[in-house]
Amino acid sequence: METKQNYGILDNFRVAAALLVIAIHTSPLMSFSVDADFFLTRILARIAVPFFLMVTGQFVMSDYLFNKKGRNCSSKKLWSYIKKTAIFYGISIAIYIPVGIYAGHYKDMTGAAVVRELLFDGTFYHLWYFPACIMGVLLVYLMSTFMSLQSIMILSGVLYVIGLFGDSYYGLIKNVPVISGIYEFGFQIFSYTRNGIFFAPVFLVLGAMISRKEAPKKNAVYGGLVLSFLLITAEAFTLRYFDLQRHDSMYIALIPVMIFLYEILLQGKKRSSAFLRNLTTWIYILHPIMIIVVRGVGKALHLTVILVDNSLIHYIAVTGLSVLAALLITYFNGRRRSRPGGNDPSRDRAWIEIDRNALKKNVEALRKELPAQCRLMPAIKADAYGHGADLIARELNQMGVDAFCVACVAEGVRLRRKGIKGEILVLGYTHPDQFYLLYHYHLRQTVIDFSYALKLNSYGKKLHVHIGIDTGMHRLGERSENIDLICKMYQMKNLKIDGLFTHLCAADSFEEKKQEFTNFQADEFYRVIHELEKRGYPVPKLHLQSSYGVLNYPELTEDYARVGIALYGVLSTQEDTEEWKDSLEPVLALKARVASVRDLYVGETAGYGMQFTADRHMKIAALTIGYADGYPRSLSNGVGVVLINGCAASVIGRICMDQTIVDVSGIPGVKSGDVAVLIGRSGEMEISVCDLAVKAGTITNEILSRMGTRLERVVV
Ligand SMILES: *Cc1c(COP(=O)(O)O)cnc(C)c1O
């Protein structure tokens, strides 16, 4: 799943950009200083629209630009964006036509002028933005169907340069024969070159590109922004000084300014907000009306001197009213939309719901079991035990968790690419050809034995590692008795030893034999530590506990606790889960939909292999989930049960790859589209992942970690 979860900074900045647009149209500082106002409205505020375009580039255009020629890629996203924009444009036109008529705007308009208004100028002075968006995305999309990314970049750059000479640099060509003629001809078709052809494409492409590339060094980006901003300021004042500007939207330095600014905005992580996105659109659409309203009110109340003549108060009044009106519209829109049947967070066929509060509760419960100096290092391997690694890591980051462990390097890289901060330890083997990924993404690697330490060391660059000590599980780690070899690792100059750990393999049981073994493992571990200390080697960060270690052996607490299953609110078995149910709460629910309900008459069979035969007239339902989604096939033939409308329905016949048939005879009113709960609560009833594990003859860990990749994960 790839939703716009983590782009809250962009959403916040949209609001700032909208307020800058209002500034362009009200000149807040005009009463005080013409130069200051020029700086604010003709330079600073000029970042607003390119910013909006870059966001569109990132979310709408990148698929077309980066999937080997756009034609291989469904144009659904493009059309849905165009439709949405066209609707906003249509609404705006409807709002502003009366205003335009009142202002005498449309007197004596020719047919050509109408077309120009609709396609380029936008029928009211701020509405040019909507047709520019539509035209820009269409143009870039068209390019993507037959041009390489490089050619698209060049062409959109060339278009921008052409645009410059019709805008800020117009004075340079104004008196050049032929060329000025061409521009004059152009201006019959569009009033400005700041439009969907010459202005929008370059920012659409840049937005898409920047969002796809590695984040560069922070300081460099901030430096770049400051420098390019100085440049644009110098550029604009110079152009004004020589009176070259026909219009003042397009500058050369605007390009680097936007690149650096966007880099910076992408580095912050914050939950996205559809509310803010809608809010800004409405601020943008409505603010010219509010300018008229403020003028009208000023006149009526004889307050023109204050409300209009003082440019700053004027700006504040217009902004206040615009925001208020936009808030009202957005709020009522949201309410209307969320009313009927809006409780399912997903429209997918089958999905996982992540209970954020449960996760938080578990984090707090586990922290309570640990002393303050011990940090959680949650295991978010195997897609966070099926819960969705990006999503879980992001939530944990926000709860202040800053260390994670994963099974393999690819899992670590993926988290980094999603912007996850903090330490990430790779617990398993990484092929030497992939050591560069460890280095590049700042991942810590487990030293799985002495010979592997040699390989890590010969990579040539410093790698951060945790040494695994095998104290009896005999899976990974250097054997605890080989203290000399462990010491040798300290002498390897490319290993930066950050940690030392072991893994307990029987801490889940208090059976005497297992308890003894766990104590033996701990003793072995501490023997290694003491030996290192004795020989004068520094002791790095230590850790031994996983979930059961934390719960059953609290005395073994060190610097980290590698909690996995407990964090997700269950333990491996039903009995253990039962024992800790007051502190831990399940995080995951698994849901699907009823696809189809039908009769099954006596003697008829259902499903593959005719495994089920009706002995009475039944109602059965096909659910949109199967074993490929992680619902175990061993629950076929009446073993599994699901919940629909608070009632239980048994699985009948064999579970298929993508569907499951259940008996809904006893449940009144079941219909296509209803939600079926496979794990979680429905009405008074609940099915736990433990129930599934017991019936499938396995542990919860396996059920969870095999949840299908095609399930959408949503946070509730
Ligand atoms: C998976 C794993 C963990 C987490 O185990 P849980 O029992 O799920 O808490 C901890 N340490 C290592 C080495 C692991 O492989």
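## Terms and model

A residue is called buried when its relative accessible area is under 20%, exposed when it is over 50%, and partly exposed in between, using a 1.4 Å probe and protein chains only. By this rule E263, at 7% relative accessibility, counts as buried.

This is a predicted model, in which local features need pLDDT of at least 70 and side-chain atom pairs count only at pLDDT 80 or more, while totals for chains, interfaces and linings use all residues. Residues are numbered from 1 along each chain as its sequence is written, and side-chain values use heavy atoms, with hydrogens and water left out.

## The chain as a whole

The protein chain contains 27 helices and 20 strands. These are DSSP runs numbered from the N terminus: helices are H or I runs of at least four residues, and strands are E runs of at least two. Along the principal axes, the C-alpha atoms fill a box of roughly 95 × 80 × 55 Å.

Of the 716 residues, 53% count as buried. A contact means heavy atoms within 4.5 Å. Among contacts between residues at least 6 apart in sequence, 71% join residues at least 24 apart.

## Charged side chains

The protein chain has 76 positive and 64 negative side chains, and the centres of the two sets lie 8 Å apart. Lys and Arg count as positive and Asp and Glu as negative; His and the chain ends are not counted. The place of a charge is taken as NZ of Lys, CZ of Arg, CG of Asp or CD of Glu.

## The second largest pocket

A pocket is defined on a 1 Å grid over the protein atoms alone, as an open set of points where a 1.4 Å probe fits, with protein on both sides within 12 Å along at least five of seven lines; lining residues have an atom within 4 Å of a point. The second largest pocket has a volume of about 820 Å³. It is lined by 39 residues, and K381, R475, H503, L504 and S546 are the closest to its centre.

Elements that each supply at least two residues of this lining include helix α17 (381-385) and strand β6 (463-470). Helix α17 also holds D383, whose phi is near 55°, a positive value in a residue other than glycine.

## Two further residues

E263 is found in helix α12 (residues 254-267). Leaving aside residues up to four places away in sequence, E263 touches I210, K213, P216 and V221.

H302 lies in the loop between α13 (274-300) and α14 (304-307). At 73% relative accessibility, H302 counts as exposed. Phi of H302 is near 55°, again a positive value in a residue other than glycine.

Notes:
Grid points are joined across faces, edges and corners, and a volume is the space filled by probe spheres set on the points.
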